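Hi,

Here is the structure I promised to pass on to you. Have a look at it first, and then read on for what turned up.

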Amino acid sequence: MDVLIIGAGIIGSAVAEACARRGLCVQVLEAGIPAAGTTAAGMGHLVVLDDNPAELALSRDGLARWQARQHALPSQAEYRACGTLWLARDDEEMAEAERKQILLRQHGLDSQLLTADELRRCEPALVNGLAGALRRPDEAVLYPPVASRWLLSQAEALGAVLLRNAEVNCVNDEGEVSLSDGRTLRAANIIVAAGNQSTRLVPGLPLKPRKGQLLITERYPATVHHQLVELGYIRSAHTNDGDSVAFNVQPRATGQLLIGSSRQYNDLDSGLNWPLLQRMLARACEYLPGLLALQALRSWTGFRPATPDKLPLLGRVPGCQRLWLATGHEGLGITTALASGELLADLLCNTRPSLDPHPYDPARFDTWTAATPIQAVEAATC
Ligand SMILES: Cc1cc2nc3c(=O)[nH]c(=O)nc-3n(C[C@H](O)[C@H](O)[C@H](O)COP(=O)(O)OP(=O)(O)OC[C@H]3O[C@@H](n4cnc5c(N)ncnc54)[C@H](O)[C@@H]3O)c2cc1C
C-alpha cells in the first residue's frame with residue numbers, strides 16, 4: 001500500500017482521487033459515513049478569498065479546478081455558476097470593493113463594480129440604500145456532500161479502496177495505523193485528513209473547532225440570483241476572538257435560500273445557539289427584508305477545523321517522514337479541496353507542485369518545537 005488516508009470528508013476524498021490519478025495504491029479509512037462530518041454542514045460557496053496571498057492562491061486554484069470539472073459532476077451536486085455579489089453598505093465599504101477589484105485583477109480574476117442602481121436592478125430583493133457591490137461572475141455554489149462522495153467514487157474508479165467503520169485509534173511514523181477493532185494496517189505514507197478529529201491522532205496540532213450555524217428556508221420562487229455576501233464577512237472570518245455573524249445568503253437550485261453565517265470558538269456543543277442564530281437572522285433581514293415572510297425548514301451547526309492563521313495544514317508532520325497532514329481548511333475547504341488534493345499528491349510524489357507549498361507547511365507553527373512532534377507522535381504509537 002502506498003497511501004493510507006484517514007477520513008473521507010471532502011479533503012480526504014480529494015487527496016485520495018489526486019493520489020489514485022497518479023497511480024498510487026490508496027486506501028481510505030472512514031470511521032463514520034463518508035462526507036457526513038463538517039463537509040455535510042458546509043455552505044458550498046466556491047469563492048476566492050483574498051485576505052492574504054496564500055489564501056488567494058489556494059482558493060483561486062481550487063475554484064478553477066471545480067470550474068474545469070463542473071460538467072463531470074452529477075446533477076445532484078447542484079453546481080451553479082451564480083456568481084458572488086460582495087455588498088457595500090457605504091462609501092467606506094465601496095472603497096473596499098474597489099481595492100478588492102484591483103487586487104483580483106492583478107491575479108487575472110474578472111469582476112465588475114455595480115452602482116447602487118445597478119445593484120437594485122440586479123437583485124431587487126435587497127434593501128434600499130446599499131452603496132453598491134463588487135460582482136464576481138464566475139464564482140459558483142454546489143452541494144458539498146454529493147460533490148465529496150462523487151470525488152470518492154472517482155478515486156474508487158481509479159482503484160482506491162474505501163474501508164468503512166474503520167476508526168483509527170493511533171498512527172505513527174513507521175507507517176502504521178491502528179484501528180479500534182484491533183487491526184493494524186501499514187503503508188508507505190499515512191495522511192491524516194480527519195478534520196477536527198485530527199488532533200486526536202496528532203498531538204500538538206494547532207487546530208481548533210470553529211462553530212458555525214446555517215438555516216435553510218422552504219422552497220420559493222427565485223428572488224435571489226447570486227450568492228450575496230456583505231463585505232464585512234471577511235472581518236468576521238478572520239477575527240480570532242469573540243462570536244461574530246455576517247450576512248451570507250445562497251440561492252439553492254431547489255428555490256431554497258441558505259442563510260449564514262456565524263463563527264464561534266469555545267463552543268463545542270453541537271446544539272443551536274439561539275441568541276447567535278437570532279443575531280444572524282436579524283443581520284440577514286437587514287439586507288433582505290423579504291426573509292421575514294419566509295418559512296424556515298431546518299437549521300444546523302458545524303465545526304470548521306481552524307488553524308491560528310486560517311490556512312490549512314498540507315504537508316509532512318514536522319520531524320516525520322511518512323506521516324502527513326491534510327486538514328485545517330476552516331471555512332474554505334469545499335472551495336480549496338481540489339487544490340489541496342493536488343498539492344499534497346505532488347508533495348507525496350516528489351513532483352513540483354503548481355502552487356508554492358510553503359505557506360501551508362505544518363512546520364510554519366512554532367507549537368511544533370523540535371521536541372514536540374516526533375516524541376508526541378511516538379507517544380501515540382500503536
Ligand atoms: C457552517 C459552515 C459553512 C461552511 N461554508 C463553506 C463554504 O461556503 N465554502 C467552503 O469552501 N467551505 C465552507 N465550509 C468549510 C468546509 O465545510 C470545511 O472546510 C470542509 O468540509 C472540511 O472538510 P474535511 O474533509 O477536512 O473534514 P470533515 O468533513 O469533517 O471530514 C473528516 C472525516 O474524517 C473522519 N474521521 C475523523 N476521525 C477519524 C478517525 N479517527 N478514523 C477514521 N475516520 C475519521 C470523519 O468521520 C469525517 O468523515 C463551511 C463550514 C461550516 C461549518
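Leaving aside its neighbours within four places in sequence, which residues is S13 in contact with? They are A8, S148, L151, L152 and A155, where two residues are in contact if their C-beta atoms, placed from the backbone, lie within 7 Å.

Before the rest, two notes on the source. This is a predicted model, in which local features need pLDDT of at least 70 and side-chain atom pairs count only at pLDDT 80 or more, while totals for chains, interfaces and linings use all residues. Residues are numbered from 1 along each chain as its sequence is written.

Back to S13, whose place is in helix α1. Helices (H or I, at least four residues) and strands (E, at least two) are DSSP runs, numbered from the N terminus. S13 is buried, as 32 other C-beta atoms lie within 10 Å. The cut-offs for that term are 20 or more other C-beta atoms within 10 Å of a residue's own for buried, 12 or fewer for exposed, and partly exposed in between, with C-beta atoms placed from the backbone. From C-alpha to C-alpha, S13 and S153 are 8.6 Å apart in space, although 140 residues separate them in sequence.

Overall build

The protein chain has eleven helices and 19 strands. Its radius of gyration is 21 Å, close to the 21 Å from the globule rule for 382 residues, so the chain is as compact as a globular protein of that length. That radius is taken over C-alpha atoms, and the rule is 2.2 Å times the number of residues to the power 0.38. Along the principal axes, the C-alpha atoms fill a box of roughly 60 × 40 × 40 Å. Of the 382 residues, 48% are buried. Among contacts with a separation of 6 or more, 74% come from residues 24 or more positions apart.

Domains and cores

The domain assignment gives domain 1 (3–43 + 144–207 + 309–379) and domain 2 (82–139 + 209–305); such bounds come from an automatic or database domain assignment. The C-alpha centres of the two domains lie 30 Å apart. Where they meet, 13 residues of domain 1 are in contact with 15 residues of domain 2. On the domain 1 side, the touching residues divide into three nonpolar, eight polar and two charged. Here Ala, Val, Leu, Ile, Met, Phe, Trp, Tyr, Cys and Pro count as nonpolar, Asp, Glu, Lys and Arg as charged, and the others, Gly among them, as polar.

The largest nonpolar core has 71 residues, of which I5, V15 and I191 touch the most other members. A nonpolar core is a set of buried Ala, Val, Leu, Ile, Met, Phe, Trp, Tyr and Cys residues joined through C-beta atoms within 7 Å. Beyond its neighbours within four places in sequence, V15 is in contact with I5, I191, A193, A326, G341, L344 and A345. Another core, of 33 residues, lies apart from the largest one and includes M94, A97, V224 and L257.

The ligand

What surrounds the ligand? The shell holds 42 residues, the closest being G7, G9, G37, G42 and G333; a residue is near a molecule or strand if its C-beta atom, placed from the backbone, lies within 6 Å of it. Two or more residues come from each of α1 (10–21), α2 (38–41), β13 (208–217), β17 (296–306) and α10 (333–349). β17 gives the largest share, four residues. By class, the shell has 18 nonpolar, 20 polar and four charged residues. Domain 1 and domain 2 each supply at least three residues to it.

Backbone details

A cis peptide bond joins G260 and S261, with omega about -10°, and S261 lies in strand β16 (residues 257–263). N266, in the loop between β16 and α9 (274–287), has a positive phi of about 60° although it is not a glycine. N266 counts as exposed, with 11 C-beta neighbours inside 10 Å. N350 also has a positive phi of about 60° without being a glycine. N350 lies in the loop between α10 and α11 (372–379) and counts as exposed, with 6 C-beta neighbours inside 10 Å.

Best wishes
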